[in-house]
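Please look at the sequence and the 3D view together before reading on.

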Amino acid sequence: MDGIEVWYIYPDESKGGARTPEEITDIVTTLSIRTSIGAQPGSMNFSVIKEDYEIILGAGVKVIAGGKDVFEGFIFSVTSTKAKVWQIVAYDALRYLKNQDTFVLGKYTASDIVRKVCRELELETGTIDAA
């Protein structure tokens, strides 16, 4: 996979659970990324050769192509095969916003509500203008 980097971003317990990136490009055997114009989450399906570490559900993955980020998401499923390969499915952060939940809110501004929902779903935010 020339010009493509695949990173596994996992919570490293030896570093207090800090998110630690590790490049896994060399063990990726297949890779496909799907996105849509509509309000559907992007997905990444990929296979890796089994190594001496565990793939953790909820850990992050990132793909960089030509020096640009093309996918960043979280692992939702891992399936082991007899061929010593893990088949992995990841979704981008939009998957979390497809979740259905109920919040009872008092007098909040729209920007306060967005911050609260993102905090509850552990989504990173940029600057949110007051609204």
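This is a predicted model: local features need pLDDT of at least 70, side-chain atom pairs count only at pLDDT 80 or more; totals for chains, interfaces and linings use all residues.

Residues are numbered from 1 along each chain as its sequence is written, and side-chain values use heavy atoms, with hydrogens and water left out.

**The sheet**

Strands of a sheet pair through backbone hydrogen bonds, either parallel or antiparallel. Here, 7 strands form an open sheet in the order E2-E1-E5-E6-E7-E4-E3, and the pairing is antiparallel. Strand E2 (18–23) and strand E3 (28–34) stand at the edges with a single partner strand each, so one side of each is left without a neighbour in the sheet. On average, neighbouring strands of this sheet are turned by 30° against each other, direction ignored. Strands (E, at least two residues) and helices (H or I, at least four) are DSSP runs numbered from the N terminus, and two strands pair if DSSP finds at least two bridges between them. The angles are taken between axes, which are lines fitted to C-alpha atoms, and run from 0 to 180 degrees between N-to-C directions.

**Strand E7**

Strand E7 (residues 85–92) is joined by 7 bridges to strand E4 (residues 43–49), and the two run antiparallel. Strand E6 (residues 68–80) is also joined to E7 by 7 bridges and runs antiparallel to it. E6 and E7 form a hairpin with 4 residues between them, and in the turn Lys84 has a positive phi of about 60°. Of the 8 residues of E7, 6 are buried, where buried means under 20% relative accessible area, exposed over 50% and partly exposed in between (1.4 Å probe, protein chains only).

| Residue | Opposite residue in E7 |
|---|---|
| Ile49 | Val85 |
| Ser47 | Gln87 |
| Ile75 | Ala90 |

**Two buried residues**

Thr20 lies in strand E2 and is buried, with a relative accessible area of 11%. Its side chain reaches the backbone oxygen of Ala18 at 3.1 Å. Leaving aside neighbours within four places in sequence, Thr20 is in contact (heavy atoms within 4.5 Å) with Tyr8, Ile9, Tyr10, Asp12 and Lys15.

Ser111 belongs to helix H2 (residues 110–120) and is buried, with a relative accessible area of 4%. Leaving aside neighbours within four places in sequence, Ser111 is in contact with Ile128, Asp129, Ala130 and Ala131.

Note on methods:
A polar contact is a pair of N or O atoms within 3.5 Å; within protein, one must be able to donate a hydrogen and the other to accept it, and residues adjacent in sequence count only if both atoms are side-chain atoms.
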